[in-house]
Amino acid sequence: MLSAWAENRVKAMRDMNRLFRESLTGVNPLEERLSPRFEFDKLVTFAGNKKTPIYNWFYYKEGFSRDFVWSALEELAIPKGSLVLDPFCGTGTTLLAAKQAGYDSAGFDILPLGVFVSKVKLAEGYDMGEMEKQIRHIRSLKFGEPENKLVDIRFLDMRKVYSRYARRDIPFFMEEIFKVEDEKIRDFMLLALISIVGQASNVKKDGGVLRIVRKKHLPPVRYLFHNKLKRMFKDLKKAGPTPKVSCNVNVGDARNIDLKNNSVDALITSPPYLNFVDYTKLYALELSLLVSSAREMESLRRMSMRSHVTAEYDNSGVGWDGLKPLLSQVLKANPGEDKVPLVVEGYVKDLYTSISEAARVIKPGGHAVYVVSNSALPGITVDIDIMIAEMGGGAWIHR
Ligand SMILES: C[S@@+](CC[C@H](N)C(=O)[O-])C[C@H]1O[C@@H](n2cnc3c(N)ncnc32)[C@H](O)[C@@H]1O
């Protein structure tokens with residue numbers, strides 16, 4: 001007899017199988033090659049990273065988990081020492097997992113936030129004595145008045161975002177961090193500060209947007225920052241040696257990858273989804289600590305992939321045959337609405353351009369793994385998995 005837990009699990013699997021079958025339209029021949037892989041269920045979310053040291057230094061809800069990367073590398077039998085690329089690297093899950101497993105890696109993200117977080121998570125060779133000294137020093141500081149103010153993110157009222165104490169303490173600690181001479185230690189400390197600003201604010205990430213919610217109890221910046229530093233330092237002390245591999249992460253555009261033709265063995269990535277989410281808004285508090293002005297943030301917004309309305313990119317031609325029929329379906333389902341078709345068109349063009357770039361840099365016989373979500377738009381669903389497989393020439397696909 002099955003326990004209640006096992007019975008529930010079996011029922012859930014049956015429901016998932018039914019949903020999987022119902023999601024197939026029977027129209028596209030590539031659907032025959034889809035196979036359900038429910039064991040990846042949680043791995044394609046950030047959930048698995050939440051308790052994993054270093055991976056959890058910065059909570060990136062849109063990320064996937066270390067074990068997903070390890071499963072993909074193992075299942076595809078990628079030989080050790082190969083070059084693994086993530087052109088939408090976010091906070092570096094692919095890069096860190098590849099490094100720990102003995103692969104060279106390269107990563108790009110359009111936003112300096114992801115690149116910064118990735119760099120700190122990948123850094124090695126700290127002067128631990130100096131680090132301990134600097135942490136002790138910053139913990140011993142009395143409150144002070146900073147010389148600079150926080151960058152105003154404009155679309156939210158900063159007086160509502162933070163208490164007046166947080167508006168003083170965040171720039172105060174930033175100024176103290178910038179006095180640290182050792183660049184790696186400075187970045188480590190800055191990541192600790194960046195990673196707690198959300199908790200120290202009245203802002204809640206709600207789906208793809210930020211909302212001001214007057215929180216009853218706002219933990220003080222100093223308390224959150226000190227605790228975070230302590231926890232990160234403990235993780236560093238416990239971390240064992242990692243294989244000697246190369247690992248490069250830079251600000252860059254997946255639509256124009258700065259790598260040579262046929263240089264990559266495997267690509268493991270997750271592009272933004274077609275869900276109108278603007279990362280520069282969703283992570284505006286964190287990003288504001290890395291830019292010098294609101295204007296700089298706005299220019300980043302226009303540069304990102306067109307999964308939202310404010311992004312811009314000039315690529316008039318697109319070689320994917322499916323775009324026209326898709327757009328006419330979208331227009332039919334959304335008469336008189338101009339934003340949805342515009343975003344769909346921009347997104348599909350950007351996805352196509354990035355896949356063409358991936359095809360250029362991946363070696364013949366190499367592999368590409370994309371974590372994507374299909375989209376439910378008003379009146380129409382868009383199967384991004386099938387679309388990517390078509391664009392990529394019908395590569396293997398699992399849903
Ligand atoms: C789904 S997230 C990737 C998360 C990552 N797998 C992780 O575990 O942290 C998608 C990323 O694509 C980035 N992005 C958006 N447009 C881009 C572009 N044109 N080129 C490179 N990265 C871009 C976003 O900033 C975001 O970090």
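This is a predicted model: local features need pLDDT of at least 70, side-chain atom pairs count only at pLDDT 80 or more; totals for chains, interfaces and linings use all residues.
1. Strand E2, made of residues 104–109, pairs with E5 in the parallel sense, and five bridges join them. To find the spot on screen, look for serine 105, which stands opposite cysteine 247 in E5.

2. Now step back to the sheet around that pair. Five strands form an open sheet in the order E5-E2-E1-E6-E7, and the pairing is parallel. Which strands stand at the edges? They are strand E5 (247–251) and strand E7 (362–370); each has a single partner strand, so one side of each is left without a neighbour in the sheet. On average, neighbouring strands here are turned by 15° against each other, direction ignored. As a reminder for your notes, strands of a sheet pair through backbone hydrogen bonds, either parallel or antiparallel.

3. A helix belongs in this picture too. H14 packs on the sheet and touches strand E1 (83–86), strand E6 (264–269) and E7. The direction of H14 makes about 140° with that of E7.

4. For an antiparallel example, turn to strand E3 (residues 203–206) and strand E4 (residues 209–212), which pair over four bridges. Aspartate 206 stands opposite valine 209 in E4. How many residues lie between the strands of this hairpin? There are two, and glycine 207 takes a positive phi near 60° in the hairpin.

5. Next, the domains. The assignment for the protein chain gives domain 1 as 36–110 + 247–270 + 313–391, and domain 2 as 125–241 + 274–303. Both domains are therefore written as several stretches of the chain in this assignment. Their C-alpha centres lie 27 Å apart.

6. Where the domains meet, twelve residues of domain 1 are in contact with eleven residues of domain 2. Which helix gives the most to the side of domain 1 that touches domain 2? Helix H14 (residues 339–361) does, with three residues.

7. Finally, have a look at the ligand. It is surrounded by 23 residues, and the closest are Gly63, Phe88, Gly90, Thr93 and Met305. Sorted by class, the shell has twelve nonpolar, seven polar and four charged residues.

Notes
Residues are numbered from 1 along each chain as its sequence is written. Two residues are in contact if their C-beta atoms, placed from the backbone, lie within 7 Å. Two strands pair if DSSP finds at least two bridges between them. A residue is near a molecule or strand if its C-beta atom, placed from the backbone, lies within 6 Å of it. Ala, Val, Leu, Ile, Met, Phe, Trp, Tyr, Cys and Pro count as nonpolar, Asp, Glu, Lys and Arg as charged, and the others, Gly among them, as polar. Axes are lines fitted to C-alpha atoms, for helices over the stretch in contact, and angles run from 0 to 180 degrees between N-to-C directions.
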